[in-house]
Amino acid sequence: MRSPGAREMLSIAFVVPLQGPTGIYGPSCLACAQLAVEQLNAGRGIAGRQVELVQVDAGRPPAIVAEEVGRLVDSGRVNAVAGWHISAVRVALTQRTGGKVVYAFAAMHEGSDDTPGVFMLGERPVNQLLPATHWIREQHGVRRWAVVGNDYIYPRVTASTTTDALKDSGSSVVRTDFVPLGTADFRSVLNGLERADIDGVIMLLMGQDAVHFNRQFAKAGLSERLLRLSPAIEENTLLAAGSSANKGLFAAAAYFDGLATIESGEFARDYYARFGAWAPALNAVGESCYEAIRFLARLGEIAGSITIDAVSVMSSGHFYDSPRGLMRLDGNLVDQDVYLAAANGLEFTIEDQIAQCG
């Protein structure tokens with residue numbers, strides 16, 4: 001039975017991976033979301049209500065995750081959904097709960113999702129992967145790409161989008177390999193890359209799969225002649241792979257721990273002040289969870305509530321601030337600044353800004 005004060009609580013199903021290949025991101029997601037909730041609850045919360053997170057493990061099969069969240073929504077236990085998880089989980093969630101509650105999807109994504117109440121807050125190919133390939137072509141002469149990705153919707157659609165977009169651009173995708181999520185042995189893929197006429201590899205691999213690939217890629221000597229580019233590599237995967245596996249590796253994202261902006265600096269200061277020097281790595285995935293919780297608060301501030309009917313007043317073109325800098329709502333998508341960084345041992349060095357919030 002709930003206490004009387006619990007009726008004033010706004011509950012969010014916080015859907016992040018705690019196991020499996022993407023479980024490597026879990027600790028950062030939990031810490032960043034906890035910071036967001038504590039900051040909000042020190043003020044007005046969301047639409048005047050205190051906030052709590054109901055954790056849901058997104059590292060399980062998508063149908064199982066969707067059913068758990070669906071029961072929480074149907075019973076009224078949660079008022080919204082937020083978090084970082086792969087697009088396969090997002091699709092299952094929207095099929096089960098779409099149109100019932102607002103859903104702040106934090107991860108980079110392959111494109112639009114017109115499900116009522118869904119807001120896609122992450123980077124997308126047009127402002128992340130495509131400008132990154134153009135930059136690397138101009139700076140390093142990489143023109144012929146291979147794609148290595150996990151076998152689900154985000155890598156496949158992103159690879160197809162990239163292949164089409166690079167036609168007649170001076171660059172091209174000439175080879176694609178997709179492997180199941182949870183792959184640890186990349187020998188057959190690496191053998192193919194060794195024989196292929198390519199200059200670089202676009203990695204659409206998640207979490208621990210990316211760690212295994214990078215270690216084996218370097219051990220095979222491929223990092224001596226092929227650059228790698230990923231929209232998903234972040235500080236955790238650099239640490240897990242080890243510095244020897246990171247030579248010639250580039251990442252594109254809207255946030256890095258070393259991003260030298262006023263907004264990112266304030267966020268990092270608050271994060272390390274709260275959790276200490278040995279906190280989970282601060283990275284794009286964790287920050288995106290902070291982003292999702294604060295976005296729900298922004299919806300509540302503008303609309304007075306975060307019900308689907310109420311947030312319909314959140315107009316396209318609305319600007320707001322975040323640790324990523326200035327953000328602009330474009331329908332249910334978000335335009336944002338995106339940066340390209342080079343792996344430097346176990347850290348990233350920002351090379352350039354490749355997209356700007358318009």
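Modeller: The lining of the largest cavity has 11 nonpolar, 2 polar and 3 charged residues. Here Ala, Val, Leu, Ile, Met, Phe, Trp, Tyr, Cys and Pro count as nonpolar, Asp, Glu, Lys and Arg as charged, and the others, Gly among them, as polar. This is a predicted model, where local features need pLDDT of at least 70 and side-chain atom pairs count only at pLDDT 80 or more, while totals for chains, interfaces and linings use all residues. Residues are numbered from 1 along each chain as its sequence is written, and side-chain values use heavy atoms, with hydrogens and water left out.

The largest cavity holds about 100 Å³ of space. Of its 16 lining residues, Met108, Glu123, Pro231, Ala284 and Val285 are the closest to the centre. Two elements give two or more residues each to this lining: β10 (249-253) and α10. The largest share, 3 residues, comes from α10. Helices (H or I, at least four residues) and strands (E, at least two) are DSSP runs, numbered from the N terminus.

A word on terms. On a 1 Å grid over the protein atoms alone, a cavity is a set of points where a 1.4 Å probe fits but cannot get out. A pocket is an open set with protein on both sides within 12 Å along at least five of seven lines. Lining residues have an atom within 4 Å of a point. Grid points are joined across faces, edges and corners, and a volume is the space filled by probe spheres set on the points.

By this rule there are 2 cavities of 30 Å³ or more. The second largest cavity has about 40 Å³ of space. Its lining is Trp84, His85, Ile86, Ser87, Ala107, Met108, Tyr152, Tyr154 and Met206. By class, that is 7 nonpolar, 2 polar and no charged residues.

Now follow α10 to the largest pocket. The volume of this pocket is about 420 Å³. It is lined by 21 residues, and Leu40, Tyr290, Arg294, Asp321 and Ser322 are the closest to its centre. At least two lining residues each come from α9 (262-275), α10 (284-303) and β11 (319-322). The largest share is again that of α10, with 7 residues. The classes are 9 nonpolar, 2 polar and 10 charged.

Next, the packing of α10. Helix α1 (residues 26-41) packs with α10 at an angle of about 30°, and their axes are 7 Å apart. Axes are lines fitted to C-alpha atoms, for helices over the stretch in contact, and angles run from 0 to 180 degrees between N-to-C directions. The two helices, α1 and α10, are therefore roughly parallel to each other; the cut-off for that is an angle under 35 degrees. Their crossing is right-handed, that is, the near helix is turned clockwise from the far one by less than a right angle. On the α1 side the contact (heavy atoms within 4.5 Å) includes Cys32, Ala36 and Leu40. On the α10 side, Val285, Tyr290 and Arg294 are among the residues that take part. This contact has 12 nonpolar, 3 polar and 2 charged residues.

Note on methods:
Parallel < 35°, antiparallel > 145°, perpendicular 65-115°, else oblique.
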